[in-house]
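Let's take a friendly walk through this model, from its strands to the packing of its aromatic rings. Have the viewer open as you read.

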Amino acid sequence: MTRQTQLVHRYMDGFRRSDHGAILGCLAEDVVWTIHGFRTTHGKAEFDDEIENPAFEGSPELTVERTVEAGDVVVTGTGIGQHRANGPFRFAYSDLFTFREGLIAEVDSYVVPLP
């Protein structure tokens with residue numbers, strides 16, 4: 001497993017625990033996170049606010065089903081979250097990670113609700 005893939009898995013583990021320090025430690029200062037169709041965050045401060053978005057409760061359950069590395073790293077999988085107003089929900093995701101100087105510089109997330 002390469003250093004980039006290890007970093008991505010450390011990042012994913014951080015999300016499973018809502019561990020802000022672990023997640024932010026994987027990111028470049030000017031990280032950009034695009035959740036396509038929903039929101040784009042710029043920089044660690046905005047990213048930090050999205051780790052535990054107030055619309056959701058608890059930490060997500062994330063299952064990584066596939067990791068592909070070709071310069072960038074792509075992770076696909078499924079998850080379960082708890083929306084405060086609408087209750088539990090399932091989703092499939094694909095995250096594309098771009099790196100700079102050993103840190104995650106960009107995350108492109110594609111999230112699809114599942115029945």
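## Strands, rings and core

Three residues make up the hairpin that connects strand 4 with strand 5. Please keep in mind that this is a predicted model. Strand 4 and strand 5 are antiparallel partners, with 11 bridges between them. To find your place in this pairing, look for Val73, whose bridge partner in strand 5 is Phe97.

Strand 5 also pairs with strand 6: the two run antiparallel and are joined by 11 bridges. Here Leu96 sits opposite Asp108 of strand 6. The hairpin of strand 5 and strand 6 has two residues between the strands, and Glu101 in this hairpin adopts a positive phi near 50°.

Now for the aromatic rings. A pair of rings is described by how far apart the centres are and by the angle of the planes. The model has eight aromatic pairs by the distance rule used here. Two of them are set out below.

| Pair | Centre to centre | Angle between planes | Geometry |
|---|---|---|---|
| Tyr11 and Phe47 | 6.3 Å | 65° | edge-to-face |
| Phe15 and Trp33 | 5.8 Å | 65° | edge-to-face |

What does the pair of Tyr11 and Phe47 tie together? Tyr11 belongs to helix 1 (residues 3–17) and Phe47 to helix 3 (residues 43–51), so the pair ties together parts that lie 36 residues apart in sequence. Tyr11 and Phe47 are both buried.

Helix 3 deserves a look of its own. Its buried residues are Gly43, Lys44, Phe47, Glu50 and Ile51. Viewed down the helix axis, the buried residues of helix 3 fall within an arc of 125°, so they line one face of the helix. Ala45 and Asp49 are exposed, on the face of helix 3 that is turned away from the buried side. What do the buried residues of helix 3 pack against? Their partners are helix 1, helix 2 (20–24), strand 1, strand 2 (39–42) and strand 6 (103–114).

In soluble globular proteins, nonpolar side chains tend to be buried together. In this model, the largest nonpolar core has 23 residues, and those touching the most other members are Tyr11, Met12, Phe15, Leu27, Phe47, Phe97 and Ile104. At least two residues of this core come from each of helix 1, helix 2, strand 1, helix 3, strand 4 (72–83), strand 5 (87–100) and strand 6. Helix 1 gives the most, with five residues.

Beyond its neighbours within four places in sequence, Tyr11 contacts Ile23, Cys26, Leu27, Trp33, Phe47, Phe97, Ile104 and Val107. Leu27 lies in strand 1. Is Leu27 buried or exposed? Its relative accessibility is 2%, under the 20% cut-off, so Leu27 counts as buried. Not counting residues up to four places away in sequence, Leu27 touches Tyr11, Lys44, Phe47, Leu103 and Ile104. The C-alpha atoms of Leu27 and Glu106 are separated by 8.5 Å, although these residues are 79 residues apart along the chain.

Note on methods. Residues numbered from 1 in each chain as written. Predicted model: local features only at pLDDT ≥ 70, side-chain atom pairs only at ≥ 80, totals over all residues. Heavy atoms only, no water. Phe/Tyr/Trp six-rings, centres within 6.5 Å; stacked < 30°, edge-to-face > 60°. Helix = DSSP H or I, 4+ residues; strand = E, 2+ residues; numbered from the N terminus. Buried < 20%, exposed > 50% of the residue type's maximum accessible area, 1.4 Å probe, protein only. Arc of directions from axis to C-beta. Contact = heavy atoms within 4.5 Å. Core = buried A, V, L, I, M, F, W, Y, C linked by side-chain atoms within 4.5 Å. Pairing = 2+ DSSP bridges.
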